[in-house]
Amino acid sequence: MTRPLYFRILSCMLAVMFPVAGFAADASAAMLYSHGTALLNGNSVARSSAIFSGDLVQTSADSVANINATGSSVLVLHESLVQYEGGAVKLEHGGVTISTSKLLATRVGGVTVTPRAGVWTEFEVRDVDGKVEIAARKGDLTISDAKGTTTLAQGQQSTRDESQSQDDSQAQNNKKKKKGGGAVGPTAGASGGVLNSPVAIGIAGGLVIGGTAWALSRGEDPVSPVKP
């Protein structure tokens with residue numbers, strides 16, 4: 001195989017591998033739009049900004065904010081503090097209105113609210129004085145806490161005790177630790193997260209490309225057989 005040919009092969013592999021790694025790194029990115037004075041990680045947002053998993057959005061009494069991601073929109077109501085987590089939002093206090101077709105969940109303490117199906121669903125979640133108020137505007141919801149999982153039908157509302165859910169969850173975790181009788185090793189899910197990370201994808205791509213280049217270069221200059 002001539003050098004120009006395998007260089008063309010390497011170029012094609014680079015064109016495929018590195019955009020995939022970049023896409024994996026930015027898969028959770030979204031856009032934040034501020035209406036009034038809002039803060040992103042403690043800094044004022046003039047009009048709009050990119051937002052990534054782990055970022056904190058805070059609104060004041062005279063402001064709201066929109067988080068727009070692929071297939072989902074989150075309206076952060078006034079006087080609210082929300083952490084964007086890519087596939088979910090964590091409500092620290094205040095309220096959010098969710099419109100999604102991507103099963104975007106909302107977590108408040110030990111309570112998790114998730115669309116029951118991957119269809120367009122609209123719901124509202126508020127954290128008021130330790131009480132989690134949930135309203136299913138369009139589509140059914142699944143509500144999970146320490147007491148179990150229930151379904152909230154479209155048009156219905158429900159209230160959960162945030163502090164009670166957190167206390168029950170902690171008690172259950174303590175019981176599991178006592179039964180386990182030792183440190184818990186890394187889980188399969190955690191290992192999967194590392195293997196699926198952008199860094200791992202980039203390393204794997206580099207190894208494949210490097211191995212291919214070595215094999216092709218060896219194929220061009222074969223070792224002569226040893227004479228008896």
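1. Basis of the note. The model is predicted, so local features need pLDDT of at least 70 and side-chain atom pairs count only at pLDDT 80 or more, while totals for chains, interfaces and linings use all residues. Residues are numbered from 1 along each chain as its sequence is written, and side-chain values use heavy atoms, with hydrogens and water left out.

2. Confidence. The pLDDT is the predictor's confidence in each residue, from 0 to 100. The protein chain has an average pLDDT of 77, and 59% of the residues score at least 70. Over residues 181-197 the value is below 50, and this stretch has three contacts in the model beyond near neighbours in sequence; a contact means heavy atoms within 4.5 Å. Residues 220-228 also have a pLDDT under 50, with four contacts beyond four places in sequence. Where pLDDT is low, the predicted coordinates should not be read in detail.

3. The nonpolar core. A nonpolar core is a set of buried Ala, Val, Leu, Ile, Met, Phe, Trp, Tyr and Cys residues joined through side-chain atoms within 4.5 Å. Buried means under 20% relative accessible area, exposed means over 50%, and partly exposed lies in between (1.4 Å probe, protein chains only). The largest such core has 28 residues, and those with the most contacts inside it include Leu-32, Ile-51, Val-57 and Ile-67. Strand E9 (residues 88-100) supplies the largest share of this core, four residues. Helices (H or I, at least four residues) and strands (E, at least two) are DSSP runs, numbered from the N terminus. In soluble globular proteins, nonpolar side chains tend to be buried together.

4. Surroundings of Ile-51. Which residues touch Ile-51, leaving aside its neighbours within four places in sequence? Among them are Leu-32, Leu-40, Val-57, Ile-67 and Tyr-84.

5. Arg-160. Is Arg-160 buried or exposed? Arg-160 counts as buried because its relative accessibility is 16%. This residue lies in strand E16 (residues 157-161). Its side chain makes a polar contact of 2.7 Å with that of Thr-150 and another of 3.5 Å with that of Ser-158. A polar contact is a pair of N or O atoms within 3.5 Å; within protein, one must be able to donate a hydrogen and the other to accept it, and residues adjacent in sequence count only if both atoms are side-chain atoms. Beyond four places in sequence, the contacts of Arg-160 include Val-111, Ile-134, Ile-143 and Asp-145.

6. Strands E14 and E15 (residues 148-152) run antiparallel and are joined by five bridges; two strands pair if DSSP finds at least two bridges between them. A hairpin of two residues connects E14 to E15. Thr-150 in E15 is the bridge partner of Ile-143.

7. Salt bridges across the sequence. A salt bridge is a side-chain nitrogen of Lys or Arg within 4 Å of a carboxyl oxygen of Asp or Glu, and by this rule the count is seven. Asp-140 pairs with Arg-116, with the closest N and O atoms 4.0 Å apart. The two residues are 24 residues apart, Asp-140 in the loop between E13 and E14 and Arg-116 in the loop between E11 and E12. Arg-116 is exposed at 54%, whereas Asp-140 is partly exposed at 29%. Asp-161 forms a salt bridge with Lys-131 at 3.9 Å between the closest N and O atoms. Asp-161 lies in E16 and Lys-131 in E13, so this pair ties together parts that are 30 residues apart in sequence.

8. Glu-124 and Arg-126 meet in a salt bridge of 2.5 Å, N to O. Glu-124 is buried at 15% relative accessible area, while Arg-126 is partly exposed at 33%. Salt bridges that share partners join Glu-124, Arg-126 and Arg-137 into one network.

9. Positive phi angles. Glu-79, which is not a glycine, has a positive phi near 55 degrees and sits in the loop between strands E7 and E8. Asp-129, also not a glycine, has a positive phi of about 50 degrees and lies in the loop between E12 and E13. Asp-129 counts as exposed because its relative accessibility is 79%, and Glu-79 counts as partly exposed at 47%.
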